[in-house]
Amino acid sequence: MSTDPKELPGADPHTGNREIDPVTGYDTTGHDWGGIKELNTPFPRIALIALILTMIYSVVTWVLLPAWPMGRDYTRGLLGLDQQEMAKDHLRDLTALRENWLGKFETPDFDALSDDPALMAAAMPAAERLYQDNCSACHGRNGSGGPGFPKLDDEYWLWGGSPEDIATTLSVGINATHPDTRWAQMPAFDWMEPNELSALSNYVAALPTGDPDSDSDAALLFAENCASCHGEDGAGGLMNGAPSLTDHAVIYGQDADTVLETLKAGRQGVMPYWSDRLTTAEINAIALYVARLSYPATESDTTGPAEADQ
Ligand code: HEC
Ligand code: HEC
């Protein structure tokens with residue numbers, strides 16, 4: 001840079017005198033923008049330091065970390081840290097972890113599995129995700145059921161609530177296209193007289209609430225037409241898909257109107273089978289998850305109410 005005062009910024013090229021801004025006391029650059037003069041203020045030191053530091057930082061990171069693309073490859077950096085490799089390693093670990101517990105569900109001893117808290121801690125959250133993905137659309141987020149779709153979080157079961165029974169239900173489905181599917185058909189009783197139907201509906205609606213008149217014509221109709229599937233007095237428990245009609249667990253509804261509808265048209269709920277969509281181990285893991293919905297997960301044995309098949 002020249003030391004000639006006439007060439008310094010803000011200096012008059014003839015006299016070398018610099019113009020000082022009277023308000024701030026700074027030199028001006030000598031540039032005059034139609035009466036507006038530019039101050040010759042120095043670049044702020046703090047910004048300069050920050051700029052230098054970030055430049056040093058970038059040079060250091062270029063050297064240490066993967067940075068420059070080089071055709072198909074890239075500079076690896078002295079530390080060799082590679083996010084892509086790290087992600088792959090992480091995924092490998094996760095898969096190994098999953099295989100680790102999933103393998104145990106291949107031919108499960110459900111009692112032993114439930115007694116292993118570490119295994120349950122790894123497996124049940126994954127089983128819950130499988131449940132949410134595959135089942136919650138019909139059975140509700142937490143197995144709460146809905147009209148036409150049985151509750152899975154209570155102790156009343158059509159086909160048994162042990163993990164083994166549930167696994168079978170999942171594998172073959174109910175009224176599904178699997179050759180070994182569970183078969184559950186509520187026939188239509190449209191051939192009955194309307195007065196018989198309505199008496200029967202009222203009788204069935206009264207089953208869970210109080211004591212229905214067991215000497216009535218309706219009770220006789222029930223014994224003749226219904227008890228073979230729904231059990232004596234409608235108590236169910238025959239493992240044929242026909243629900244107990246004496247408890248408060250209902251699939252379609254047990255008010256007289258809904259029962260009348262059921263009797264007139266019959267019912268045949270379809271539960272799809274899963275053996276070609278999920279692996280055996282996945283089915284078993286979901287089965288254990290569902291079995292545990294009906295009793296506290298902290299209980300380690302499987303002999304909770306879940307096994308009290310209605
Ligand atoms: C498309 C709807 C649908 C989906 C999806 C579905 N279910 Fe079902 N499920 C049903 C219906 C309907 C029934 C009752 C069939 C009947 O009325 O006999 C049923 C019955 C069951 C039963 C028998 C309940 C008992 O009391 O014995 C179990 C257990 C069950 N489902 C579990 C599952 C699980 C676990 C999944 C996910 C893998 C699943 N369901 C997915 C519709 C579905
Ligand atoms: C062949 C066996 C069979 C006979 C006979 C039968 N049911 Fe059913 N019933 C079933 C099955 C299976 C279901 C469950 C259907 C389903 O879930 O889709 C059912 C369901 C019902 C339901 C619905 C329960 C609910 O939770 O919503 C009612 C009510 C019912 N039956 C009443 C009767 C009455 C009353 C008779 C006699 C007139 C009768 N059933 C005869 C097999 C039978």
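How far apart do the C-alpha centres of domain 2 and domain 3 lie? The answer is 28 Å, and the notes below put that in context.

1. Ground rules. This is a predicted model: local features need pLDDT of at least 70, side-chain atom pairs count only at pLDDT 80 or more, and totals for chains, interfaces and linings use all residues. Residues are numbered from 1 along each chain as its sequence is written, while chains are lettered from A and ligands numbered from 1 in the order in which they are written.

2. Overall shape. The C-alpha trace of the protein chain spans about 130 × 50 × 35 Å along its principal axes. As for burial, 21% of the 310 residues count as buried. The cut-offs there: buried takes 20 or more other C-beta atoms within 10 Å of a residue's own, exposed takes 12 or fewer, and partly exposed is in between, with C-beta atoms placed from the backbone.

3. Secondary structure and contacts. You'll find 11 helices and four strands in the protein chain; these are DSSP runs numbered from the N terminus, with helices being H or I of at least four residues and strands E of at least two. Taking contacts between residues at least 6 apart in sequence, 53% join residues at least 24 apart. A contact here means two C-beta atoms, placed from the backbone, within 7 Å.

4. Domains. The protein chain is divided into domain 1 (1-69), domain 2 (104-182 + 270-307) and domain 3 (194-265), with bounds from an automatic or database domain assignment. Where domain 2 meets domain 3, the contact takes 11 residues from domain 2 and nine residues from domain 3. On the domain 2 side, the residues divide into six nonpolar, two polar and three charged. For those classes, Ala, Val, Leu, Ile, Met, Phe, Trp, Tyr, Cys and Pro count as nonpolar, Asp, Glu, Lys and Arg as charged, and the others, Gly among them, as polar.

5. Ligand 1. There are 26 residues around ligand 1, and Cys135, Cys138, Leu158, Gly269 and Met271 come nearest (near means a C-beta atom, placed from the backbone, within 6 Å). Helix 5 (136-139), helix 6 (163-172) and helix 11 (280-293) are the elements that give two or more residues to this shell. By class, the shell around ligand 1 has 20 nonpolar residues, six polar and no charged.

6. Ligand 2. Here the shell has 27 residues, with Met186, Cys226, Cys229, Tyr252 and Gly269 nearest. The elements giving two or more residues to it are helix 7 (194-206), helix 9 (227-230) and helix 10 (256-265).

7. Cores. The largest nonpolar core has 21 residues, of which Ala127, Leu170, Ala285, Ile286, Ala287, Tyr289 and Val290 touch the most other members. (A nonpolar core is a set of buried Ala, Val, Leu, Ile, Met, Phe, Trp, Tyr and Cys residues joined through C-beta atoms within 7 Å.) Helix 4 (117-134), helix 6 and helix 11 each give two or more residues to this core, and helix 11 supplies the largest share, eight residues. Take Leu170: leaving aside neighbours within four places in sequence, Leu170 is in contact with Trp274, Ile283, Ile286 and Ala287. A second, separate core of 11 residues includes Ala199, Ala218, Val259 and Leu263.

8. Backbone spots to look at. Asn175 is not a glycine, yet has a positive phi of about 50°. Asn175 sits in the loop between helix 6 and helix 7 and counts as partly exposed because it has 18 C-beta neighbours inside 10 Å. Asp233, also not a glycine, has a positive phi of about 60°. Its place is in the loop between helix 9 and helix 10, and with 16 C-beta neighbours inside 10 Å, Asp233 is partly exposed too.

9. Two distances worth checking. Ile36, in strand 2 (residues 36-39), is exposed, with 7 other C-beta atoms within 10 Å. The C-alpha atoms of Ile36 and Ala121 are separated by 73 Å, the two residues being 85 apart along the chain. Gly210 lies in the loop between helix 7 and helix 8 (217-225). Gly210 and Thr246 are 36 residues apart in sequence and 9.5 Å apart in space, C-alpha to C-alpha.
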